[in-house]
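User: I'm new to reading protein models and would like to learn how to look at one. Could you take me through a few features, one at a time?

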Amino acid sequence: MAPENIGPKGISTPSRLGVRVKVALIGLGGVGRVLAHELSNNPRVSALRIIDKVKITARVLAPLRNRIEVVASESDAARGAELVRAIRGCDIVANTSVSDLNLGIMRAALRVGADYLDVAATGPRKPGGLPGILEQLTLRESFEKAGLRALLSMGLDPGMSNVMAREASDRLETIDTIRIRSGGTVRVRQLRPSPNFVPLYSREAFFSDVRIRPTVWRRGRLEECELLSGEEEYAFPEPVGPQKTFLMAHEEVKTLPLYLGKPVGQVDFKYAINSDLAQALKALENLGLFARDRTIPVDHGRIPFRAAFESAFPEPSSVAQNLVGTKCLSVDAEGTSHGVRKHLHENIALSHEEAARRLGTTAVYYLTGVAASIGIALMDRGALPSAGTYPAESLEPASVFAEWNARGLTIQRIERSASN
């Protein structure tokens with residue numbers, strides 16, 4: 001169980017944000033670019049300060065500057081004092097950089113008096129320690145004292161998956177299971193042979209996530225499982241169809257049982273991965289080849305084996321315009337309502353072609369960036385109940401889905417009932 005000081009509180013205080021705001025965006029990768037575009041179109045955002053460890057070109061900034069004031073800063077978010085200087089004067093800090101930096105960036109936001117949002121968390125910093133999102137939530141008291149809000153892991157999954165699970169749980173009196181499944185189809189045009197698997201977010205982040213031992217919530221606690229275990233063929237809606245899915249470490253499993261306000265029997269998260277790749281990843285991890293000190297000779301130097309392995313797969317941003325297929329996120333909740341057993345099913349789906357048409361990116365990057373922008377919009381309107389730290393399921397689903405639909409995105413809902 002998580003420590004007592006990370007649970008929800010019901011005290012309501014008004015948002016301090018009621019005027020146009022200045023946003024600091026940390027990290028201009030695939031998600032960051034979508035979020036920057038969204039923020040530049042938000043009439044409540046007066047200025048955008050983009051912070052990245054590499055120089056941002058004028059060509060990248062030009063479309064954003066047509067709408068609002070945009071300033072770019074070359075700065076390393078891992079350097080606390082440097083980051084504080086870069087974000088000082090901003091009202092909101094939006095973090096789309098690597099999740100290992102979340103805690104440091106949250107503390108920097110506290111120092112400058114800014115609200116905070118990120119799109120994903122990391123695993124425990126040490127064996128047996130708190131998972132990243134639960135450690136972030138322990139900063140609640142610090143944010144409360146400062147009168148600030150932090151919305152954590154508000155992307156696609158985690159993020160929209162949490163909100164979908166919250167909506168389903170609100171319609172049930174008892175909850176037996178919540179199953180979250182993330183999958184999709186993808187191939188790369190003009191690339192022969194087309195790879196059998198394409199990581200649809202940062203290669204480094206994906207292969208790092210895969211190597212964190214997954215947990216399942218059952219019997220009132222988190223239970224650790226083997227890497228990529230629990231193989232299951234899950235029937236995603238067409239055009240995706242059935243896919244092999246495997247347990248992966250994910251934030252929803254850690255927070256939903258604590259924040260839904262009612263007991264939950266089981267929560268798990270599974271991701272669709274090519275079966276051969278899943279077996280290879282488990283074998284290479286067991287052999288210790290992904291350890292940071294395992295290097296191989298390349299030219300006249302040495303590089304980590306895992307970096308060479310990751311480079312065998314295309315970086316999603318580099319092939320976004322040539323991706324064909326559909327990303328799908330599904331949430332299933334089973335329980336009872338008024339004595340009737342119910343199975344509630346929700347889907348989000350978007351083709352990579354549509355994401356490329358809209359913003360020249362992948363469906364995963366697009367949906368994640370849009371979800372983050374909705375989180376910022378709702379924080380600005382005081383949607384969180386009080387100052388403090390919150391996971392995405394703390395947001396009111398109706399408000400989130402209204403913003404989602406306003407962007408031309410949909411959620412499919414299916415309900416099945418059976419008498420007990």
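User: Let's start with disulfides: how many are there?

Analyst: A disulfide is a pair of cysteine sulfur atoms within 2.5 Å. By this rule the count here is 0. Keep in mind that this is a predicted model, where local features need pLDDT of at least 70, side-chain atom pairs count only at pLDDT 80 or more, and totals for chains, interfaces and linings use all residues. Residues are numbered from 1 along each chain as its sequence is written, and side-chain values use heavy atoms, with hydrogens and water left out.

User: Is Cys 90 buried or exposed?

Analyst: Buried means under 20% relative accessible area, exposed means over 50%, and partly exposed is in between (1.4 Å probe, protein chains only). Cys 90 has 3% relative accessibility, so it counts as buried. Cys 225 is buried too, with a relative accessible area of 12%.

User: Now the aromatic rings. How do I read a pair?

Analyst: You describe a pair of aromatic rings by the distance of the centres and the angle of the planes. Rings of Phe, Tyr and Trp (its six-membered ring) pair if their centres lie within 6.5 Å; planes under 30 degrees apart are stacked, over 60 edge-to-face, and the rest tilted. Searching the whole structure turns up 11 aromatic pairs. One of them joins Tyr 201 and Phe 206, edge-to-face, at 5.8 Å centre to centre with 80° between the planes. Tyr 201 is buried at 19% relative accessibility, and Phe 206 is buried at 0%.

User: Why is the pair of Phe 207 and Phe 313 called tilted?

Analyst: Their planes are at 45°, so the pair is tilted, and the ring centres are 5.3 Å apart. This pair links distant parts of the chain: Phe 207 sits in helix α8 (residues 203-210), while Phe 313 is in the loop between α11 (305-310) and α12, 106 residues apart. As for those labels, helices (H or I, at least four residues) and strands (E, at least two) are DSSP runs, numbered from the N terminus. Phe 207 is buried at 4%, and Phe 313 is buried at 14%. Both rings belong to one aromatic cluster, whose members include Phe 197, Tyr 271 and Phe 290.

User: And salt bridges? What's the idea there?

Analyst: Side chains of opposite charge can pair when their charged atoms come close. The rule asks for a side-chain nitrogen of Lys or Arg within 4 Å of a carboxyl oxygen of Asp or Glu. This structure holds 30 of them. Take Arg 213 and Glu 226, whose closest N and O atoms are 3.2 Å apart. Arg 213 lies in the loop between α8 and β9 (215-218), and Glu 226 in the loop between β10 (221-224) and β11 (232-235), 13 residues apart. Arg 213 is partly exposed, at 37% relative accessibility.

User: Are Lys 270 and Glu 232 buried or exposed?

Analyst: Lys 270 and Glu 232 are both buried. They form a salt bridge with closest N and O atoms 3.3 Å apart. Lys 270 is in strand β13 (residues 264-272) and Glu 232 in strand β11, 38 residues apart.

User: How does Arg 341 compare?

Analyst: Arg 341 forms a salt bridge with Glu 334, the closest N and O atoms being 3.7 Å apart. Arg 341 is partly exposed at 30%, and Glu 334 is partly exposed at 22%.

User: Which residues are linked in a network of salt bridges?

Analyst: Glu 167, Arg 171, Lys 342, Glu 346, Arg 413 and Glu 415 are linked that way.
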